[in-house]
Amino acid sequence: MDKQQKLVFHIFLCFSFLLLLSENTRVYGSSHHHHHHHHRHRPLFNFRPSKLFVFGDSYADTGNNRNSLASSWKVPYGITFPGKPAGRFSDGRVLTDFIAKSLGIKSPIPYRWRNVGIEHWKNGMNFAYGGTGVFPTLAPDPNMTTQIDFFQDIIHKKIYSESDICSSMALVSVAGNDYSTYATTNGSPQGWQPFIIEVVNQLVTNMKRIHGMGVNKVVVTALQPLGCLPRSTFTSSFQQCNGTENELVGFHNLLLQQAVTKLNNETKDSTFAILDLYKAFMAVFKSQGKTPGSSQFENPLKPCCTGISTEYGCGSVDANGAKKYVVCDDPETTFFWDTVHPTQEGWRAVYSALLQEQ
């Protein structure tokens, strides 16, 4: 790690500590100081790509992950949309679906269904696999490098013309599986800082590679507040985010922001952009349904579907097939579906918050 990165990290830690003092009070306190202007929002993107190519993990996967560990094919996933489990890690639509809709195209076909017919390729393709990261994770599925290899193979098939690729957009979702893998495999506390730098460097390499294949617009998600996921907040009865985790997320996002600024200076064009999920999640938690037209999340940190004890998760059944989870009465009133993923309504609120940042 060079001197500048060290300095940035130390300045950042001092700054986060101050933020932490205010953040640890309560994450979704009063929002009376937020001004909500009622003007029409600009669209999320100031261009209309003809196709969307998606890379990443369960925040973006719409049906690729078929391994037996994947909860996305188990009841009650998919109960809101399409009405049965169909490979999305939610009760319904996920980030990819909302982004596609904002671009005026249908959600792109998952890569694993690519052989159902070329006519289904017209909106692009989704290469994201739930559980994966930029590096290998605990999920036995293709990491982002391999996902980009799949994209390269598809390009070589020449079904997409150069102008198809050129007029398309890539969405890159990195929701923290590299970090949960690091934590689970007993990575040392002092190793976090260099590991985060490695993850961001690899992510930037991936983005440059996608751009190098001819995609003119590459949009990457900033990391959401991992410390606010129900798997972290259950220790406080879903009342308070884990500030230490969110500090690490802040470092990741700061490095990503710097890297994207640098890339755009190099390409002399705003080819690369960040979709700030951190800010959007926090905005939803703080507004807590107070903004006109947004849904009421009674406690945004409390998930709808949970295992009956810590050894079970949403969708778990025992050896006899008896269900070992409980589902809330109305997923539309909760922000989180399970201990990691938003509900369709949660994603809708995040999408609205992203629009308000424009």
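How many bridges join strand 1 to strand 4, and in which sense do the two strands run? In this predicted model, strand 1 (residues 51-55) and strand 4 (residues 168-172) are joined by five bridges and run parallel. One of the residues involved is Phe-53, whose bridge partner in strand 3 is Met-125.

These pairings belong to an open sheet of six strands, arranged in the order 2-3-1-4-5-6 with parallel pairing. Strand 2 (109-110) and strand 6 (272-275) stand at the edges and have a single partner strand each, so one side of each is left without a neighbour in the sheet.

Five of the five residues of strand 1 are buried, and the strand is described as mostly covered. In a regular strand, side chains alternate between the two faces of the sheet. For strand 1, Lys-51, Phe-53 and Phe-55 lie on one side, with Leu-52 and Val-54 on the other.

Helix 2 (residues 95-103) lies across strand 1, strand 3 (124-126), strand 4, strand 5 (217-221) and strand 6, and runs at about 160° to strand 1. Helix 8 (residues 243-267) packs on the sheet as well, where it touches strand 5 and strand 6. The direction of helix 8 makes about 155° with that of strand 6.

Attention now turns to the open space in the model. Rolling a probe the size of a water molecule over the atoms shows where empty space is left. The largest pocket has a volume of about 1,200 Å³, and its lining is made up of 47 residues. Nearest the centre of this pocket lie Ser-71, Arg-231, Thr-339, Val-340 and His-341. Two or more lining residues come from each of helix 5 (177-184), helix 7 (230-233) and strand 7 (305-307). Helix 5 gives the largest share, with four residues. By residue class, the lining of the largest pocket divides into 22 polar, 19 nonpolar and six charged residues.

Key:
Residues are numbered from 1 along each chain as its sequence is written. This is a predicted model: local features need pLDDT of at least 70, side-chain atom pairs count only at pLDDT 80 or more; totals for chains, interfaces and linings use all residues. Side-chain values use heavy atoms; hydrogens and water are left out. On a 1 Å grid over the protein atoms alone, a cavity is a set of points where a 1.4 Å probe fits but cannot get out, and a pocket is an open set with protein on both sides within 12 Å along at least five of seven lines; lining residues have an atom within 4 Å of a point. Grid points are joined across faces, edges and corners, and a volume is the space filled by probe spheres set on the points. Ala, Val, Leu, Ile, Met, Phe, Trp, Tyr, Cys and Pro count as nonpolar, Asp, Glu, Lys and Arg as charged, and the others, Gly among them, as polar. Two strands pair if DSSP finds at least two bridges between them. Contact means heavy atoms within 4.5 Å. Axes are lines fitted to C-alpha atoms, for helices over the stretch in contact, and angles run from 0 to 180 degrees between N-to-C directions. Buried means under 20% relative accessible area, exposed over 50%, partly exposed in between (1.4 Å probe, protein chains only).
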